[in-house]
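This briefing goes through one protein chain, from its overall make-up to single residues. Keep the sequence and the 3D view open while reading.

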Amino acid sequence: MGPSEGHEGRSPLLDGRYRLEAAIGQGGMSVVYRGVDESLHRPVAIKVFHAGIVDIARQEAELGVLASLEHHNLVSLLDAGIVTGQDGTQQRFIVMALVVGQDLEARLSVGPLASRHIAEIGYDMAEALHYIHAHGVVHRDIKPSNILLVDYGNDSDRARARLTDFGIALAAGVERLTADGVTTGTAAYLSPEQARGGDVGPASDVYSLGLVLLQCFTRRREFPGSLVESAVARLSRDPVVPEPLPEHWKQLLRAMTAQDPAARPLGAELVTLLRDVVIAETSGSDHVVDPTVDTAPMPAEPRPGTDAGSTGTGTGTGTRTGTDPDAARPATLDSLPNESLQRTTAMAARLFDAPIALVEVLDEDREWSQSYIAEGVDESARSISFRNGFAPVPIPVVIPDGSTHPEMQHSPLVTGPLGIRFYVSVPLVKHDGTAIGTLAVLDTRARQATEADLENLRDLAALAVTQLELRQESLRTTSESIPLGQRTGN
């Protein structure tokens, strides 16, 4: 069943059917190749295990189970076979669908993710785990590089996450170190029971997914280092879940990474928990926890149908974000934030001698967007929004030249009629430390921002937040002074 020779100058075929092309991945257990199924004329991914890694004699049952798995959040196993070398050694290979998409590891290296997107990735993976665990399969190597983010090009508002690489699932019972010291699960994401060399079950996959979701927020591995260092760390402490995260995220991540496997949510329970988080994130504001990075998104491209500013003056909109039984309020209180934010954006633009300044903020009951647009700026600037799925970043961000920034250089803001180059922003932070919005300045000139510039911009942001908090207190005391039966909606 060894390779059959192909045409001259071409690579040999595996099983007379699969032609290996370039290697696209390599690990301690195998090499993954891009290949072609010559029978069906389609691209495939072919994983060839190193000799001695897997027990070929007892694998057929596991292969049958894996081949039967069919789920929209999995990369399917299509075929399997054995390569026999000239020296008689045998190597298992498996053939998988070749899915074109960026893996989560690569995505996190680019920049922060919206908490809503993190929740959606988690929900996709929870559904995948629920499915494979119900079929008796434990993946045992959940990590960012095994999660593919796939855009199907159907105008969907997000990429879909698909779980790939069931190579370790094939090697059941080989959880401890192999002879050459290579663990069958990536060290940084092993569950405590995997690190101990103990029994491994569905709860191990849940723990690993918890570490992956945590890394999506922090953009760093919680347990880095060598196998021994990483194992000792997770056995001696729980992962540190950042305090700024919303309570629903903190509770979920702590449950998923509980030391006791029996305490972790499994199956339908995990799917329900992550669905609830998706709902919470869709209806609320996003959060990014990453105090170490100095990059963040510029505002999204203009949104049609919105009017967030006017030439040289800077008007804005305030939209109520939920049903409010205290909706009957004096107009002066509702207009106060817009007046304050209008001054804030105008002052920010003057501070930097820049043509565009933007602010967006979401407080407990109302959402505002405000912009200052100088005369002569292209009309599309009126509809610029931060609504690109990213959270209010809790640190100042300076992008001296968007045309050279890896995330921004292809943005319509940079390549379109506005020709934006410079971007600087600071968060709007409440007195309790919660980031509720962003104040930004944009310019068509590439330039730098000094520490003094940033300090002035922070002061402007602080003044705006103070006005908003004063408004909230005024609304609270006003509503308390109105008898309950006289409030609108009662």
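**The chain as a whole**

Of the 490 residues of the chain, 50% count as buried. The model is predicted. The chain holds 12 helices and 16 strands.

- Among contacts with a separation of 6 or more, 67% come from residues 24 or more positions apart.

**The six-stranded sheet**

- Six strands form an open sheet in the order β1-β2-β3-β4-β6-β5, and their pairing is antiparallel.
- At the edges are β1 (13–14) and β5 (77–84), each of which pairs on one side only.
- Inside this order, β3 (residues 30–37) pairs with β4 (residues 42–49) in the antiparallel sense, over eight bridges.
- One place to look for this pairing is Ser30, whose bridge partner in β4 is Phe49.
- In a regular strand, side chains alternate between the two faces of the sheet.

- Four bridges link β8 (residues 147–150) with β9 in the antiparallel sense.
- Val150 has Arg160 of β9 as its bridge partner.

**Helices α3 and α6**

- Helix α3 (residues 115–134) packs with helix α6 (residues 202–218) at an angle of about 170 degrees, and their axes are 11 Å apart.
- Angles over 145 degrees count as roughly antiparallel, so α3 and α6 are roughly antiparallel to each other.
- On the α3 side, the contact is made by Ser115, Ile118, Gly122, Met125, Ala126, Leu129, Ile132 and His133.
- On the α6 side, it is made by Pro202, Asp205, Val206, Leu209, Leu213, Cys216 and Phe217.
- Sorted by class, the contact of α3 with α6 has 11 nonpolar, three polar and one charged residues.

**Gln215, a residue of α6**

- Gln215 lies in helix α6.
- Is Gln215 buried or exposed? Its relative accessibility is 6%, and the cut-off for buried is under 20%, so Gln215 counts as buried.
- Leaving out residues up to four places away in sequence, Gln215 touches Glu105, Leu108, Pro144, Tyr189, Arg220 and Arg221.
- Gln215 and Ile118 are 97 residues apart along the chain, and their C-alpha atoms are separated by 9.9 Å.

- Strand β15 (residues 422–429) is mostly covered, with seven of its eight residues buried.
- Strand β14 (residues 397–399) is joined to β15 by three bridges, and the two run antiparallel.
- Strand β16 (residues 435–443) is joined to β15 by eight bridges, also in an antiparallel arrangement.
- Which residues are the bridge partners of Val424? They are Val398 and, in β16, Val441.
- The hairpin of β15 and β16 has five residues between the strands, and Gly433 in this hairpin takes a positive phi near 90 degrees.

Note on methods:
Residues are numbered from 1 along each chain as its sequence is written. This is a predicted model: local features need pLDDT of at least 70, side-chain atom pairs count only at pLDDT 80 or more; totals for chains, interfaces and linings use all residues. Side-chain values use heavy atoms; hydrogens and water are left out. Axes are lines fitted to C-alpha atoms, for helices over the stretch in contact, and angles run from 0 to 180 degrees between N-to-C directions. Angles under 35 degrees count as roughly parallel, over 145 as roughly antiparallel, 65 to 115 as roughly perpendicular and the rest as oblique. Contact means heavy atoms within 4.5 Å. Ala, Val, Leu, Ile, Met, Phe, Trp, Tyr, Cys and Pro count as nonpolar, Asp, Glu, Lys and Arg as charged, and the others, Gly among them, as polar. Two strands pair if DSSP finds at least two bridges between them. Buried means under 20% relative accessible area, exposed over 50%, partly exposed in between (1.4 Å probe, protein chains only).
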